[in-house]
Amino acid sequence: MKVLVLSDSHGNLTNMVRAVEAESPHMIVHLGDGWREARQLHGQFPMLPFYQVPGNCDFRPSEPTEQLLFWEEKRVLICHGHTYGVKQSLLRAGYAAEEENLDLFLFGHTHQPLVDMRGKTLFLNPGSIGDHFRPFYGIITLQNSHLDGHTVPLV
C-alpha cells in the first residue's frame, strides 16, 4: 500500500493534484491547514480512501484534531501537530507515541519535511505542499507488515 501524505497546502490545490498524479497512491492523508482544498482534492479523486484532520488555520472546531487509524496491524496517528507543540520539540509527540503504542505518527505544521525513527515509532512530517518555492509531500509504504516513509520534493 502506498499512502500520499500532504500537509499545509494553504490554498494550493494544483500542487496536491500534481503529487497525486506523480505518485498514483492507494490512499491520501491531509494533515491540515488546507481543509477546503483537501475536500476539493478528494472530490477529484473520489475512488481513493481519504483522511484529513484540521490544522490551526482551518477553523474547524467541530472536527477532531487527530485520528487514530489502523493500517493492517499498524497503529497510525494523524494530526496537524500544533496541539503537540511540534514547532518547539517532538517531546510531547514522543510521549503520545509511546503511550498509544504507535507505529506511525504523521504531523505537519512546521512546513519542514522530517523522517525520524524513535523507538518503534516512525515520525513523518511531509513538509508543506503549498510552499511556492520548495513544496514537499510524504510517501508511506506498507508492505508485508513493514512501514517505510520518506519525503519528496515536488518538481
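I am working on a predicted model, where local features need pLDDT of at least 70, side-chain atom pairs count only at pLDDT 80 or more, and totals for chains, interfaces and linings use all residues. Residues are numbered from 1 along each chain as its sequence is written, and side-chain values use heavy atoms, with hydrogens and water left out.

**Entry 1**

I looked up the contact residues next. H1 contributes Leu13, Met16, Val17 and Val20. H2 contributes Glu37, Ala38, Gln40, Leu41 and Gln44. Contact here means heavy atoms within 4.5 Å. By class, I find six nonpolar, two polar and one charged residues in the contact of H1 with H2. The classes are set by residue type: Ala, Val, Leu, Ile, Met, Phe, Trp, Tyr, Cys and Pro count as nonpolar, Asp, Glu, Lys and Arg as charged, and the others, Gly among them, as polar.

Then I looked up the geometry. H1 covers residues 13-23 and H2 covers residues 35-44. Helices (H or I, at least four residues) and strands (E, at least two) are DSSP runs, numbered from the N terminus. The two helices pack at an angle of about 40°, with their axes 10 Å apart. That makes H1 oblique to H2, since angles under 35 degrees count as roughly parallel, over 145 as roughly antiparallel, 65 to 115 as roughly perpendicular and the rest as oblique.

**Entry 1: the cysteines**

How many disulfides does a search of the whole structure find? I get zero. A disulfide is a pair of cysteine sulfur atoms within 2.5 Å. Cys57 is partly exposed at 40% relative accessibility. Cys79 is buried at 0%. Buried means under 20% relative accessible area, exposed over 50%, partly exposed in between (1.4 Å probe, protein chains only).

**Entry 2: positive phi**

Most residues other than glycine have a negative phi. I noted Asp33, with a positive phi near 60°. Asp33 sits in the loop between strand S2 (27-30) and H2. Asp33 is buried, at 4% relative accessibility.

I noted Phe59 too, with a positive phi near 50°. Phe59 lies in the loop between strand S3 (50-52) and strand S4 (66-71). Is Phe59 buried or exposed? Phe59 is exposed, with a relative accessible area of 70%.

Conventions. Axes are lines fitted to C-alpha atoms, for helices over the stretch in contact, and angles run from 0 to 180 degrees between N-to-C directions.
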